[in-house]
Amino acid sequence: SLLIDLAAASRMIRDAQRILFFMHVQPDGDSIGSTLGMIRALRQMGKEAVMVGVDPIPPMYHFLPGWDSYRVEWQDVDGEWDLSCFLDCGDLERVGDALPAVQRGRRTLNVDHHATNTAFAEFNYLDFSAAAVGELAYRILREIGAPIDPETALCLYTSLVTDTGGFRYDSTGPSTHRVAADLIELGARPYDVAQAIFETESLPRLALLARALQTLRLDGGGRVAWMVITREMLREAGAQEHDAEGVVNYARSVSGVEVGILFKETPDGRVRVSLRSRKTADVGAVAKGFGGGGHARAAGCTLYTGLDEAVGQVLAAVKAVL
Ligand code: 5GP
Ligand code: MN
Ligand code: MN
């Protein structure tokens, strides 16, 4: 496994004609936006590029061009591909069941910004200072002189907006805003993205949020707040997995809280844990201790235990790093 820079990563993309782009499981705005933007621009250069992922694109991202037309199911990937490219994947497990399709690519390229990235590909372009992979995708497209039309700009801009929570998270810096400004000049409309991402809620999502808020508890002398989403709550609310995205932020938002945690039962009886910290606690390290990963301020992991057991284990680990 080799660490490479922007120029080398860009050459790999430029020299490849057929490229598979892998999203991570339960894809978020960064995974989706950077993948769609990259594919759209590369197709306009005459390349063949498709997106591979195991989970559906949540409805809130259906305003992004290409969401329903670039996709190939991993079982249907065949033939010879020049490159398997991973965007926003901190480790290889993040591609989930799509793993067999990775082998269809002659080479592998990992483009990511997670501090916990395991450099799992043959070639790895990693920049932990980037707030979103959309920023890295933008740099690559610029480097190879790819066309960036308003729709591509919209996809990349959405990646920045979602991974920074609307330019609010700790990861937001001057380069985030410079790239955002470039993308707005190229035709992305901030108002449209804000409407779709932050100002549109489905009723099931709000019903789920109402139930989750009732489980909110404090621990660690008021420095930790945690919430639970059970299968029953999802069913009662008529909600789906993706409706839980962002709910964890309500736990962190409690005054005086440093770490917010959401425990969610998965359909197959595991516990999906989302962690958010405010200022000091490295929740990426905590998540890594449970086989997951992420950033210092936002991370996740999956525990193969019951709900109560998961709550006990994770709360203990979080309190140990406070
Ligand atoms: P979320 O809580 O929204 O699912 O994830 C928060 C952050 O941690 C995201 O940046 C995500 O990419 C990362 N993350 C979440 N779960 C995992 C995991 O199981 N493994 C790794 N490596 N990263 C994760
Ligand atoms: Mn992501
Ligand atoms: Mn990301």
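Two strands count as paired if DSSP finds at least two bridges between them. Helices (H or I, at least four residues) and strands (E, at least two) are DSSP runs, numbered from the N terminus. With that in hand, let us walk through this structure.

This is a predicted model, where local features need pLDDT of at least 70, side-chain atom pairs count only at pLDDT 80 or more, and totals for chains, interfaces and linings use all residues. Residues are numbered from 1 along each chain as its sequence is written, while chains are lettered from A and ligands numbered from 1 in the order in which they are written.

**Two domains**

The domain assignment, whose bounds come from an automatic or database source, gives domain 1 (2-198) and domain 2 (203-321). Their C-alpha centres are 26 Å apart. Eleven residues from domain 1 and ten residues from domain 2 make the contact, where contact asks for C-beta atoms, placed from the backbone, within 7 Å.

**Two sheets**

Strands of a sheet pair through backbone hydrogen bonds, either parallel or antiparallel. Here are the two open sheets:

| Strand order | Number of strands | Pairing |
|---|---|---|
| β7-β8-β9-β10-β12-β11 | six strands | mixed |
| β1-β6-β5-β4-β2-β3 | six strands | parallel |

Two bridges link β1 to β6 (residues 123-126), and Leu 3 is opposite Asn 124 in β6. Helix α4 (residues 133-143) packs on this sheet, touching β4, β5 (105-112) and β6.

Seven bridges join β9 (residues 259-265) to β10 (residues 271-277) in the antiparallel sense; Phe 263 has Val 273 in β10 as its bridge partner. Helix α12 (residues 307-321) lies across β7, β8 (224-229), β9, β10 and β12, at about 160° to β9. Such angles run from 0 to 180 degrees between N-to-C directions, with axes fitted as lines to C-alpha atoms, for helices over the stretch in contact.

**Around ligand 1**

Which residues come nearest to ligand 1? Of the 14 residues around it, these are Gly 90, Ser 274, Gly 293, Gly 294 and Gly 300; a residue is near if its C-beta atom, placed from the backbone, lies within 6 Å. Strand β12 gives the most to this shell, with five residues. Domain 1 and domain 2 each supply at least three residues to the shell.

How values were computed: Two residues are in contact if their C-beta atoms, placed from the backbone, lie within 7 Å.
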